[in-house]
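Here is a short briefing for a reader new to this structure. Take a look at the model, then follow the points below by topic.

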Amino acid sequence: MKILLVDDSTTMRRIQKNTLEKLGHTDVTEAGDGAEAIAKLAAGGFELVLMDWNMPNMTGIEALKKIKADPALKSIPVIMVTSESEKTRIMEAISSGAANYVVKPFQPDTLAEKIASIKK
Amino acid sequence: MASPVKVEHINPFVTATAETFKSMLRATVTPGKLMLIRGNKLQSDISGIIGLSGGAQGSIILSFPRITALKAVSEFIGEKVLAIDETVKDAIGELANIVAGAAKKDLTQYKISISLPTVIIGDGHEVQGGKDVIPMAVPFESPFGPFYLIVSFKSEA
């Protein structure tokens with residue numbers, strides 16, 4: 001599974017990448033903000049996006065809306081992985097097309113479960 | 001006249017700090033007695049700062065002595081770090097970001113927005129109070145050593 005991991009924190013990218021590798025996902029591309037994510041998705045072939053919310057240049061929610069408005073990208077499931085913990089934010093992400101939502105802080109198992117639910 | 005941050009505005013950040021360390025660093029941290037920052041300048045080596053805006057203004061700061069930061073970040077990223085570098089800087093900023101975000105769910109009435117993290121590095125830098133509100137510091141004990149959570153929170157209501 002080709003995965004795009006989007007987070008402005010190199011630490012969070014490293015932690016999530018380690019979790020993905022333990023789950024057997026080694027084809028992981030990284031992006032540091034929403035704009036970089038959109039540019040990298042244009043290369044094609046991605047099957048899952050893990051997206052932070054608060055990032056410079058283009059936020060995760062803006063990038064999610066762009067992905068879902070693009071006929072070439074909208075079928076790619078996007079899981080938001082963010083510290084935004086309020087229900088209104090979760091609802092906004094889901095109504096904008098997010099496939100699932102992981103609130104930081106999270107246990108690695110939680111991320112694994114959300115990814116597994118996408119694969120089914 | 002400036003007044004101290006209310007306890008009800010500090011508690012969500014204390015809970016969020018404990019949750020964050022439990023989930024992301026597999027560590028139990030214990031808060032100590034609240035301290036007024038005024039007259040109690042805190043000395044730290046690295047601080048992660050998140051600005052708060054919306055129905056409340058202020059900031060939260062996670063402030064660490066060097067040794068605590070190195071041990072905590074080593075656990076956070078799963079690799080031993082020996083010096084305060086870009087990796088440690090990013091990790092401390094992310095910890096502050098996670099704490100601020102997690103606390104928001106208990107402060108929904110204020111519709112708070114959180115800033116991107118700012119990290120200050122400097123041996124023994126001082127953290128002081130502001131003009132409009134007197135920040136409160138919560139000392140924490142952790143398996144990595146002591147650190148502080150500093151909350152500055154002023155609501156419009």
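**The sheet of chain A**

Strand β1 (residues 3-6) of chain A pairs with β3(A) in the parallel sense, over 4 bridges. This is a predicted model.

*Strand order*

- An open sheet in chain A is formed by 5 strands, in the order β2-β1-β3-β4-β5. The pairing is parallel.
- β2 (28-31) and β5 (100-103) of chain A are the edge strands, and each of them pairs on one side only.
- On average, neighbouring strands of this sheet are turned by 20 degrees against each other, direction ignored.

- Strand β3 of chain A covers residues 48-51. Leu48(A) and Leu50(A) point one way from β3(A), while Val49(A) and Met51(A) point the other way. All of these residues are buried.
- In a regular strand, side chains alternate between the two faces of the sheet.
- Ile3(A) stands opposite Leu48(A) in β3(A). Val6(A) stands opposite Met51(A) in β3(A).
- β3(A) is also joined to strand β4 (residues 78-82) of chain A, by 3 bridges, and the two run parallel. Here Leu50(A) stands opposite Ile79(A) in β4(A).
- Between β3(A) and β4(A) the chain passes through helix α3 (residues 60-69) of chain A, and this β-α-β crossover is right-handed.

*Helix α3 on the sheet*

- α3(A) packs on the sheet and touches β1, β3 and β4 of chain A.
- The direction of α3(A) makes about 175 degrees with that of β4(A).

*Strands β4 and β5*

- β4(A) pairs with β5(A) over 4 bridges, in the parallel sense. The bridge partner of Val81(A) in β5(A) is Val102(A).
- The chain reaches β5(A) from β4(A) through helix α4 (residues 87-95) of chain A. This β-α-β crossover is right-handed.

*Helix against helix*

- Two packed helices are described by the angle between their axes and the distance between the axes.
- Helix α1 (residues 10-22) of chain A meets α3(B): the axes come within 7 Å and cross at roughly 85 degrees. The helices α1(A) and α3(B) are therefore roughly perpendicular to each other.
- From α1(A), the residues in this contact are Thr10(A), Thr11(A) and Met12(A). They meet Thr87(B), Asp90(B), Ala91(B) and Glu94(B) in α3(B).
- By class, the contact of α1(A) with α3(B) has 2 nonpolar, 3 polar and 2 charged residues.

**Leu25 in chain B**

- Leu25(B) lies in helix α1 of chain B.
- Is Leu25(B) buried or exposed? Leu25(B) has 21 C-beta neighbours inside 10 Å, so Leu25(B) counts as buried.
- Leaving out residues up to four places away in sequence, Leu25(B) touches Ala72(B), Glu75(B) and Phe76(B).
- Leu25(B) and Ile77(B) are 52 residues apart in sequence, and C-alpha to C-alpha they are 8.6 Å apart in space.

Note on methods. Residues are numbered from 1 along each chain as its sequence is written. Chains are lettered from A and ligands numbered from 1 in the order in which they are written. This is a predicted model: local features need pLDDT of at least 70, side-chain atom pairs count only at pLDDT 80 or more; totals for chains, interfaces and linings use all residues. Axes are lines fitted to C-alpha atoms, for helices over the stretch in contact, and angles run from 0 to 180 degrees between N-to-C directions. Angles under 35 degrees count as roughly parallel, over 145 as roughly antiparallel, 65 to 115 as roughly perpendicular and the rest as oblique. Two residues are in contact if their C-beta atoms, placed from the backbone, lie within 7 Å. Ala, Val, Leu, Ile, Met, Phe, Trp, Tyr, Cys and Pro count as nonpolar, Asp, Glu, Lys and Arg as charged, and the others, Gly among them, as polar. A residue is buried if 20 or more other C-beta atoms lie within 10 Å of its own, exposed if 12 or fewer, and partly exposed in between; C-beta atoms are placed from the backbone. Two strands pair if DSSP finds at least two bridges between them. A crossover is right-handed if, with the strands pointing away from the viewer, the path from the first strand over the helix to the second runs clockwise.
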